[in-house]
Amino acid sequence: MTLRLALAIISVAAIYFSANANAATIIDFSAYPENTAITDQFADQGVTFRGLEEGVQVANVTANFPSTTGDTFLSNCYPTRCDQRADVVEVSFTFPASNVSFGLDSEGSSEITFNAYDSSNNLLETFSAASDGGIVAFTAGGISRIDMLQPSDSWGWGFANLTFDSSAQLEPVPTMSAYGLMALILSIMLIMGSRMRASVKRD
């Protein structure tokens with residue numbers, strides 16, 4: 001019975017830490033009103049954003065496109081929607097990312113081109129897509145940067161609900177609840193060990 005209890009405790013702990021290590025990151029822009037410049041607001045979640053217009057850095061803004069389901073999108077527009085449009089929207093990950101996906105509104109039939117690179121600037125994946133709020137997903141892993149290219153200078157578009165798994169999540173920093181669970185497991189193991197030693201002495 002003692003061995004079964006120990007195995008049960010270990011199994012629960014393994015499931016707990018596995019669930020925390022594999023949780024996907026979801027970047028939701030809905031907390032920011034339209035025309036908010038998005039740059040490093042999500043840096044603590046492992047991702048930053050910037051726009052490039054003729055090679056010059058600009059700050060892209062949030063937009064609520066009427067053709068979508070109500071999501072707040074990060075657009076290629078700056079400094080307001082849609083005064084001017086950046087050639088490139090750059091998404092940079094602090095740690096290599098996999099299972100990257102997002103909702104896309106290309107505001108029409110013209111396709112947006114997506115190029116994914118690793119930390120050495122090697123092209124991992126490229127494709128073009130057009131969508132009215134549908135999901136776009138990458139199959140490549142180890143992505144450090146995604147360049148999103150507008151189809152023409154006059155074309156506005158945006159993306160929402162960026163989702164990804166980060167390699168950093170494979171080595172999660174224990175939270176207070178995790179420390180509490182570890183302390184509980186250790187206490188139970190010590191009690192079990194003490195009882196087993198007492199039982200051996202009685203025998």
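Visitor: Hi! How many residues does the largest nonpolar core have?
Guide: In this predicted model, the largest nonpolar core has 29 residues. Those with the most contacts inside it are Phe49, Phe93, Phe159 and Leu162.

Visitor: Which elements give two or more residues to this core?
Guide: They are strands S2 (47-53), S8 (88-105), S9 (112-117), S10 (123-129), S12 (143-149) and S13 (158-166).

Visitor: And which one gives the most?
Guide: That would be S8, with seven residues in the core.

Visitor: Back to Leu162 for a moment. What is it in contact with, leaving aside neighbours within four places in sequence?
Guide: Its partners there include Phe49 and Phe93, two residues also listed among those with the most contacts inside the core. Leu162 also touches Thr25, Ile26, Ile27, Val47, Val91, Val100, Ser101 and Phe102.

Visitor: Let's switch to S12. Is that strand mostly covered or mostly uncovered?
Guide: Mostly covered: six of the seven residues in S12 are buried.

Visitor: How many bridges does S12 form with S8?
Guide: Six, and the two strands pair in the antiparallel sense. In that strand, Ile146 is the bridge partner of Val91.

Visitor: What about S9 and S12, how do they pair?
Guide: S9 and S12 are antiparallel too, over five bridges. Leu149 in S12 stands opposite Thr113.

Visitor: New topic: what pLDDT does the chain average?
Guide: The average is 82, and 70% of the residues score at least 70.

Visitor: Where is the pLDDT below 50?
Guide: Residues 12-21 fall below 50. Beyond near neighbours in sequence, this stretch has 11 contacts in the model.

Notes
Residues numbered from 1 in each chain as written. Predicted model: local features only at pLDDT ≥ 70, side-chain atom pairs only at ≥ 80, totals over all residues. Heavy atoms only, no water. Core = buried A, V, L, I, M, F, W, Y, C linked by side-chain atoms within 4.5 Å. Buried < 20%, exposed > 50% of the residue type's maximum accessible area, 1.4 Å probe, protein only. Helix = DSSP H or I, 4+ residues; strand = E, 2+ residues; numbered from the N terminus. Contact = heavy atoms within 4.5 Å. Pairing = 2+ DSSP bridges. pLDDT = per-residue confidence, 0-100.
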